[in-house]
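Hi,

Here is the structure I promised to pass on. Have a look at it first, and my notes follow below.

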Amino acid sequence: MRRRSISAATTLAVVLSSAVLAASSAGVAVADSATVLPVESVGDIVVDGAHQRVYVSDPSGGKIVVTDYAGTVKATLTGLSGVTGLALSADSGQVYAAVKNANRIIAVETGTYSETSSYPLGVAPGDLEVVDGRIWFGYGSDFGSLDVSGAEPAVHLSQRGDGDFSGTALLGADPAVPGVLVAGNGGRVAVYDLSADGATLRAKGDMDGSVKQLDLTPDGKQVLTSWGSPGFGYGIGAYSATDLAEQPGYAIDAYPNAVRVAPDGSVAGGSFSWYDPDVHVIRPGATTPVREYDFPNTGNSSGADTLVDGALAWAPDSSRVFAVSVNTADVFTLRALTDPTKELPALKVTAPVKAERAKKLTVTGRLTSATPLPAGTVLKVTRADLESPGGKVLAPVKTKADGSFAFTDVPPAGGKVTYRVFFAGDAGHAATVGSDVVAVSRKATALSVTNNGKLYAYGKDVTFTAHLGATYRNRTVAIYVDPAGSDKPKKLVKNAKVNSQGNLSVVVDMTRDTAVTAVFAGDSRSAGKTAKSTAGAYAKVSTTVSRHYKTGRIGSTTYSYFRKNTDPLFTTTMNYYAGRQQRLQVQVYYQGSWYDSGSQYFPVGASGKSAVTLEAPGEAGIRARIRSSYIDGSSGDNVNATTHGAWKYIVFTN
């Protein structure tokens, strides 16, 4: 039926997620959709066909979310703690909701989505069904009714009689079958005849204890249960509505957890299946599914998304089945499954892996279905490429007797070219689409950037020029600058057309080694291209000497003079980088030559300063020189090119 409530176990923590819908048979249904719902749980789902709206209750969130058929939220009713069962009035004017934690049923006007009435019950309602204008509700292991047709609402409790079911009462009914209600749980089920005096037990019997949902067929002849024994494994259970004698059911995958019957008698069964189809649709009179829907995996486990217990609902015109799935992140998704009673053909399209632009290529394919389609079936063909990203309609193609087809095309544009073939569907087959992609050649593009491998003084403004060779239409180049070091990310600095000579330039302040990358995205006949130039920047290094008593020249070299017991102080200034060290090197003059006396690395502070004291020798006549350097890779980083400062000369005297 179209207005069915869901058992209290509807939000299993172990179920997986939902996002995009995929059909289990080959081929892709054209109009299926999936939209994430802003809910914390799902208690029930009901479809208002008159307004094309879907109502979903959220017990944990205390709200009802109203969407259109595409899943777009149109309204949200809040402040409804524990809201579970939903039912639609016969005229589609009201949606009734069981607000369990408030012991009441509310009425929501479907035209305005506003709460119009609230009816206290004195008990906590769960499942809801509307039969002959009265609202029947399950509570505990019993059920009752609410009659709002009179001057005052009338509540009648304890209607179970000697039906001996236990656990939370599940209800089932169908608007085409007046005066009949199905109730049960805990492995027991009963059929009741309804009248103005209440519910009279017609028959009672056994069913599986794992049943999550009940339903009544539109002809009033069968009771269906979400879990039954069809004689060959898992399936939908079927029982005579007259005496509840077991009848052949419908085989589906493990583990059955939902059942809905459309107005035309089509059956939708649901199953909690990580690795198998989740929704199974059986046509009237058939015993095996004509369609099966397998949810994708959008969670973080190996199993795919699963159906929430009982979360199935038919559109009144049988054009759609709505389902709600959940993933491991507790994300709930409303899925609209279109043309569920039609076979979904498999439409395979095969195109060459590669092809030359402006040269003829051939695309082949095959359209197959369980019920064969006639030869001459017309298929629509489109080609999407860089010049027609939205797709260009090509000449239609017809199938042969075996469903095969072929067509030729001359792709005018290079790059990724997608050929899509569409089957519009017919009375017994759903619309479907197949596609394949061809990598069509494009002319190679010349692109370069100047200054690769060059070294520049610290802080020099350097012009980098990208040169783009001949292309078809696109003359735009993007230039990115990426200074060395993790603290300065790659940045787009210019995205513009090259000039008449094919050049585009940027100026870079060379304070660090820098990579300049030019990117040409390509066009329909010219291949994309990336070119990179990496240039180095010397560090800024200078050293001052202090504590000397004078300066003077020895030969042509200027020396700082120190008393033999005075410790010279050398202060190095260097552009700062986190963790950077400067290398201080000392050499001593002896018999006309300079000899290394050692070197050591010293930290450079955040101010860019590094002060080092050299111990005095205690004797006169010694000449020495020192030099501060940045050594790429050894000074704690590699953001600059190796840079040596100037030698500083000192002499010790008495």
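Which residue's side chain is joined to that of Asp409 by a polar contact of 2.6 Å? The partner is Tyr419. Please keep in mind that this is a predicted model.

To place Asp409 for you, the residue lies in strand 37, which covers residues 404-409. Is Asp409 buried or exposed? With a relative accessible area of 11%, Asp409 falls under the 20% cut-off, so Asp409 counts as buried. Its side chain also makes a polar contact with the side chain of Arg383, at 2.9 Å. Leaving aside residues up to four places away in sequence, Asp409 touches Arg383 and Tyr419 as well as Lys359, Lys360, Leu361 and Leu394.

Three strands make up an open sheet in the order 40-42-45, and their pairing is antiparallel. The edges are taken by strand 40 (447-449) and strand 45 (503-510). Each of these has a single partner strand, so one side of each is left without a neighbour in the sheet. On average, neighbouring strands here are turned by 15° against each other, direction ignored.

How many bridges join strand 40 to strand 42? There are 3, and the two strands run antiparallel, with strand 42 spanning residues 460-468.

Best wishes

Key:
Residues numbered from 1 in each chain as written. Predicted model: local features only at pLDDT ≥ 70, side-chain atom pairs only at ≥ 80, totals over all residues. Heavy atoms only, no water. Helix = DSSP H or I, 4+ residues; strand = E, 2+ residues; numbered from the N terminus. Buried < 20%, exposed > 50% of the residue type's maximum accessible area, 1.4 Å probe, protein only. Polar contact = N/O pair within 3.5 Å; in protein donor to acceptor, adjacent residues only side chain to side chain. Contact = heavy atoms within 4.5 Å. Pairing = 2+ DSSP bridges. Axes fitted to C-alpha atoms, helices over the stretch in contact; angles between N-to-C directions.
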